[in-house]
Amino acid sequence: MAEEVPAPASASASYIPYVLSQTLTPHAHPVSSVKFSSDGRLLASASGDKTIRTYAITPNGTDPIAEPAQVFTGHDAGISDVAFSSDARFIVSASDDKTLKLWDVETGSPIKTLRGHTNYVFCATFNPQSNMVASGSFDETVRIWDVSTGKCLKVLPAHSDPVTGVDFNRDGSLIVSSSYDGLCRVWDSGTGHCVKTLMDDEKNPPVSFVRFSPNGKFILVGTLDNTLRLWNISSAKFIKTYTGHANSQYSVSSAFSVTNGKRIVSGSEDKCVYMWELNSRKLLQKLEGHTEPVISVACHPTENMIASGSLDKSVRIWTQKK
């Protein structure tokens, strides 16, 4: 059940709606994060049930699309985020037990535990070279870790409230962080120096999510005033705003979809997944099926496929009608 929203002729004429293809329910608690590997062969989900699950993805009209692969256990509390290394050999997880863990994707076994944060670890990501991990925490810091040793390389006194998002740009030279303090900061990943702070002159609602655009020139920012904004990094101004979804309570993720035109996809507290055309900002579709707020979304790197994770404990896979 996916409600279609009227779009401009240019968009709607060529737009093929997404439909629910598969529902996965392996988790015993809400799903906090879903991510595809960069080669598109795996999907990972993290949950408040302290586990990560991976699924093998076979997109070409097969049923099911996702087959359970591995279960990753070892954290002592719920997990808020999960990310693949660029080569999909490793996973990093961020947990309320104040640690991150590095895992072997193939075997599901833990490799290293990254200790140093003094409060819940909320977000984590690999740099493109996958020799570093950046993490953000309720302790208001961003930490940069060496993957091979598991040692903390830098502690960035990033924010004055919990850090809700971290991301590397496409060459790994910059990190962006977001926080409930209403700011996004851009950091030099080598020196740890803050090179830019993005703030709205009029209001600074808590920032719940941040991500670099694929070309690294823009930053997608989610705020707890039911709004997504696309910022131009060089001018430090926001250039586009996306609305219609509900986000005032949870850290809801959004993503860039690039497999069929440039689009923005987001979770929403009204139990739907939203998709906008990036340039026109027109709402293309509202994907209905979840029964609780959708906290996380991910777009497949090569196929027209979306994964969503929800407080309803399920992961759903959406594909375009053939």
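This is a predicted model: local features need pLDDT of at least 70, side-chain atom pairs count only at pLDDT 80 or more; totals for chains, interfaces and linings use all residues.
Residues are numbered from 1 along each chain as its sequence is written, and side-chain values use heavy atoms, with hydrogens and water left out. When I say strand, I mean a DSSP run of E with at least two residues, while helices are runs of H or I with at least four, and both are numbered from the N terminus.

Back to β29, then. Buried or exposed, what are the residues of this strand, 315–320? Six of the six are buried, so the rest of the structure largely encloses β29. Buried here is under 20% relative accessible area, exposed is over 50%, and partly exposed is in between, with a 1.4 Å probe and protein chains only. In a regular strand, side chains alternate between the two faces of the sheet. In β29, V315, I317 and T319 point one way, R316, W318 and Q320 point the other way, and all of them are buried.

Which strands sit alongside? Strand β2 (residues 18–24) runs antiparallel to β29, with six bridges joining them. Strand β28 (residues 305–310) is antiparallel to β29 too, with five bridges, and there M305 stands opposite T319. For two strands to count as paired, DSSP has to find at least two bridges between them. The hairpin of β28 and β29 has four residues between its strands, and K313 in that hairpin takes a positive phi near 75 degrees.

While we're on phi: most residues other than glycine have a negative one. K98 is another residue with a positive value, near 75 degrees; it's in the loop between β8 (90–95) and β9 (99–104), and at 39% relative accessibility it is partly exposed. Then there's R281, with phi near 70 degrees, in the loop between β25 (272–277) and β26 (283–288). R281 is partly exposed as well, at 43%.

Okay, the core. How many residues does the largest nonpolar core have? It has 14, and those with the most contacts inside it are V34, F36, L43, I57, V315 and I317. β3, β5 (52–57), β28 and β29 each supply at least two residues of this core, and β3 gives the most, with three. By nonpolar core I mean a set of buried Ala, Val, Leu, Ile, Met, Phe, Trp, Tyr and Cys residues joined through side-chain atoms within 4.5 Å. V315 shows up again here: leaving aside neighbours within four places in sequence, its contacts (heavy atoms within 4.5 Å) include L24, V31, V34, L43 and Y55.

Next, charges. The structure holds five salt bridges, meaning a side-chain nitrogen of Lys or Arg within 4 Å of a carboxyl oxygen of Asp or Glu. One of them is D81 with K35, at 3.1 Å, N to O. That pair links distant parts of the chain, with D81 in strand β7 (residues 79–84) and K35 in strand β3 (residues 31–36), 46 residues apart. D81 is buried at 11%, and K35 is buried at 18%. R229 and D225 also meet in a salt bridge, at 3.5 Å, and both are buried. For contrast, take R41 and D39, at 3.2 Å: R41 is exposed at 59%, and D39 is partly exposed at 35%.

D181 is buried yet has no salt bridge. Where is the nearest side chain of opposite charge? That's R185, 5.0 Å away, counting Lys and Arg as positive, Asp and Glu as negative, and leaving out His and the chain ends.

So what does the D181 side chain meet? There's a polar contact of 3.0 Å with the side chain of H159, and a polar atom of the D181 side chain lies 3.0 Å from the backbone nitrogen of S160. A polar contact is a pair of N or O atoms within 3.5 Å; within protein, one must be able to donate a hydrogen and the other to accept it, and residues adjacent in sequence count only if both atoms are side-chain atoms. Okay, that's me done.
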